[in-house]
Amino acid sequence: MFRMLLSLTALGLTPVSAFADAVPSEEAAEGLFSEQPYSPYANRSFPERPLWGDTHLHTGLSLDAGAFGNTLLPDEAWRFAKGEQVISSTGQPVRLARPLDWMVLTDHTDLMGFAPDLQAGKPGVLADPKGLEWYKGYKAGGEEAGKAAFDIITNFSQMTLPEVLLESYSPGADAFAFTWENIVLAAERHNDPGNFTAFIGFEWTSVPKGFNLHRNVMLRDGPIRALQMVPPVTQPPYGDTDPKALYAWLEEYQQKTGGRAVAFAHNGNLSNGWMFPTEDTYHGGKVDEEYVAARAKWEPHYEVTQIKGDGEAHPFLSPDDEFADYENWDVGNLDISELKTDDMLAGEYAREALKRGLMLEEKFGVNPYKFGMGGATDSHTSLATAEEDNFFGKSVSVEPSATRIKHPFIANDLGEIPGDLLVASGYTAVWATENTRAAIFDAFKRRETYATTGPRIGLRFFGGWDFNDADVETRFIANVGYTKGVPMGSDMRPNEGDGAPSFLIAALRDPVGANLDRVQVIKGWLDSEGALQEKVYDVAWSDDRVADQNGKIPAVGNTVDTETASWTNTIGTAELVTVWSDPDFDPNARAFYYVRALEIPTPRWILYDKLRFGAELPEDAVLTHQERAYSSPIWYTPAE
Amino acid sequence: MRIVIEPLFHFFLIGAAIFIWFHIVSPNDELIADPEAIAISESDAARLAEQFAARWKRRPSNAELQALVDASIREEVLVREARKLGLDRGDSVIRSRLSQKMDFLTEAMATSVVPADKDLEVFLQQNADRYATPKKIAFTQVFLGEKPSDADIERALSALRAEQEVSDLDRATLLPASMPLTATRVIDSVFGTGFSDGFVNLEEGRWVGPIQSGYGVHLVQLLKIEPSRIPPLSDIYDEVLRDWRRVMSEDLAQAQYEALADNYEIIAPDFTGQAK
């Protein structure tokens, strides 16, 4: 019975009167879990613990990663994610404090496999004058190698790669198919259902004129399906940077193989407004019925936080949110070939996109920006590190060293992203019933995921119409949550009364991490005038703090000792559990709600560099921050 | 050492055969009968035509084929003259390409060696950690908060042993009340490092405590414990073979190199042991 309710929710359906006899009455449901059965494993049709993973990681097979000296290939990346110690490309031993439960390996498809051949000086590469030049640069090492790598990336983004090389490492070429086979088979070798899930995936690297429109793709399937196709690229004539081309590939993949795939974007903050359009797409198309339908179909997830900036909210868009100013990168597009202007920001940040989705749903009947939240590293080192005290950087050139903070991520005549702004973030937690490709993939589809900036904060979020304070007393939050409501990522069930929605919310600090400061609900809605609104509510907080006259809860304090890069859990609390009801509910307004849980302040990664290497920090460097978790939203749609 | 010696023996047999074979079949430009003649045969022309067709998806016209032949004659002339001038020496690209080709040969040979099961068995035992299944524990627990008093712990423990319902702190918690058979690393990732160590030597079914987690104090009831074990070779044969080959190909490459290097008297300064 319970399983059925769940699966209906998973399909995005709500049990309606036709199913009335299949849905338990509230009384029956309440009694469902009150008695402990003999078998402690009985009655568990819902996820017990979040499964932690990274949706975005590059190995030496990626053009840029390999060109910058990453020599670790998928086998090493998988072994590292599973908790083994490996030697990094710069010769440093490294290990995760805690292994991941799953990962998607997403090498760039454009010129996939070229980099290892360049490193090895394969004849096909040396036969081309540019290839020879890059090889000599790579072999010379140091600054020469760096120049060669930049030249490769520049030629890639300007679409001026030598034709012969492009042809040899694009779909249709043996080397391309061979590399894909390597990727697929490596994932298969390391996939260990029940213990560790290795997803087959790739990154479709659309970056026209430096505007980041990248999408990662993850497959639900194994090699038998994955090897029936090769992944798509963006460099013409072999591919196209228009997301419609990716959607067409996904459609063909599912048709041809019977498999399943999803795509998800990241770093809207580097798209200069093109990530979440409402009128025109970058590629000259319109945001029309076809566009919103395809985007809604293929992109149920968004990578909201990662090394290249946190993309939940921006102070310009959310001036009343004192926590919106967090690890924002807002200088320009990916290669800073165009500076950012304020009017671009609304097309870049997740919260704004969720709001825009409500407006587009009103217009077209479909919400293209109805996504779940996730975090990822986007590391190009083959090492999925997102912890501040074990951060191996964005690329091999900024693996730990006394001087890495001084290497800007990018610097040109227009602007700069200094090295200390790299973000040691993030991971995705998935509420899946088992650790398998099928179960985790399905959780992505029903958006039962949440993002963190690295710490393993536990987060439950259920929406319903009759949660009450007694539910906070229960020992089994999930039982009550799934029975009386819907989990994160879902649509609210229809309201049978006329009350406001209520939410059961619980957050648990990382078992080896910092205490929690507060839990907030962020609401966005489309008001009766057709304007988009948002509001941040503090719903639970530590240390019995009292709101000031503006309703703000005072800051939790800061225990970080910047000399020793340490802090104490003497402020904050380990667990926050509450039931919150929307005091401003308008039954006629489309709305979404998601949870943001904040830790107490802890050191940023640069403080560990200072402690261990004596690294010099820039004067204005941000030394401490409040790491956080973002739940997927729950959506409310007014009855017809 | 035995494990290395036996495959090495096979390896050198295969190696010798391959090197001899290469010596026979590879085109040996340096020993051309008439060093002043350049001959392009019909079969050479056919090969040029095939390469053209592979790239352009059509056969070359006669004019195109003639151009291809002329280009390869030109290449041959220039390569021979360049060699006479010694231009191939000291070129880092050519040198690294040649040494790399030797590595490829070694690699190809390493993957063709089939080890005896007993060699794999030894390898499996030497790397037992990598193949061992994780230790698993099933348990139920009650969370008593960060610093419960001794009296509270005693009271809760008695109640549990008397099979009475006990709730955590009388409030909700996200900590799971019980876990099915779960790897200890997963248990520790939920409750904090070292939590699973508290289950050593516990009696199944009996409530005990206090046990410390990353959050505070717990009472626990061990339900089942499944020790770590090393699966038999037959269950994980392919995996062990693959790892053995990976390790072996590195050892073999080094052994091969050392065997070749033995043919030379190497005179070079020795910096090991010198202060920086």
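Helix α4 (residues 92-110) of chain B packs against helix α9 (residues 237-261) of chain B at an angle of about 135°, with the axes 9 Å apart. The model is predicted: local features need pLDDT of at least 70, side-chain atom pairs count only at pLDDT 80 or more, and totals for chains, interfaces and linings use all residues. Residues are numbered from 1 along each chain as its sequence is written, and chains are lettered from A in the order in which they are written.

**Helix pairs**

- Axes are lines fitted to C-alpha atoms, for helices over the stretch in contact, and angles run from 0 to 180 degrees between N-to-C directions.
- Helices (H or I, at least four residues) and strands (E, at least two) are DSSP runs, numbered from the N terminus.
- α4(B) and α9(B) are therefore oblique to each other; angles under 35 degrees count as roughly parallel, over 145 as roughly antiparallel, 65 to 115 as roughly perpendicular and the rest as oblique.
- α4(B) passes α9(B) in a right-handed crossing, where right-handed means that the near helix is turned clockwise from the far one by less than a right angle, and left-handed anticlockwise.
- On α4(B), B:Asp103, B:Thr106, B:Glu107 and B:Ala110 meet B:Arg245, B:Met248, B:Ser249, B:Leu252, B:Ala253 and B:Gln256 of α9(B); contact requires C-beta atoms, placed from the backbone, within 7 Å.
- This contact of α4(B) with α9(B) has four nonpolar, three polar and three charged residues; Ala, Val, Leu, Ile, Met, Phe, Trp, Tyr, Cys and Pro count as nonpolar, Asp, Glu, Lys and Arg as charged, and the others, Gly among them, as polar.
- In chain A, helix α7 (residues 129-140) and helix α8 (residues 142-157) pack at about 145°, with their axes 6 Å apart, and the crossing is left-handed.
- Residues making that contact include A:Trp134 and A:Tyr138 of α7(A), and A:Ala148 and A:Ile152 of α8(A); by class the contact has six nonpolar, two polar and three charged residues.

**Chain A against chain B**

- Chain A has 27 residues in contact with 29 residues of chain B.
- On the chain A side, the elements giving two or more residues are α7, β15 (458-464), β17 (502-508) and β20 (575-581).
- That side divides into 15 nonpolar, four polar and eight charged residues.

**Nonpolar cores**

- A nonpolar core is a set of buried Ala, Val, Leu, Ile, Met, Phe, Trp, Tyr and Cys residues joined through C-beta atoms within 7 Å.
- The largest nonpolar core has 181 residues, and those with the most contacts inside it are A:Met103, A:Phe199, A:Phe503, A:Ile505, A:Ala507 and A:Ala597.
- Strand β21 (residues 591-599) of chain A gives the largest share of this core, seven residues.
- Another core, of nine residues, lies apart from it and has B:Met109, B:Val240, B:Trp244 and B:Met248 among its members.
- Leaving aside neighbours within four places in sequence, the contacts of A:Phe503 include A:Phe461, A:Val521, A:Trp580 and A:Tyr593.

**Backbone features**

- A cis peptide bond joins A:Pro236 and A:Pro237, with omega about 5°; A:Pro237 is in the loop between α11 (223-226) and α12 (243-257) of chain A.
- A:Ser425 and A:Gly426 are also joined by a cis peptide bond, with omega about -5°; A:Gly426 is in the loop between β12 (416-417) and β13 (427-430) of chain A.
- A:Asp378, a residue other than glycine, has a positive phi near 60°, and it is found in the loop between β10 (372-375) and β11 (410-411) of chain A.
- A:Asp378 counts as buried because it has 25 C-beta neighbours inside 10 Å; the cut-offs are 20 or more other C-beta atoms within 10 Å for buried, 12 or fewer for exposed, and partly exposed in between.
- B:Asn201, not a glycine, has a positive phi of about 65° and lies in the loop between α8 (184-191) and β3 (207-212) of chain B.
- B:Asn201 counts as exposed because it has 7 C-beta neighbours inside 10 Å.

Methods. Contact = placed C-beta atoms within 7 Å.
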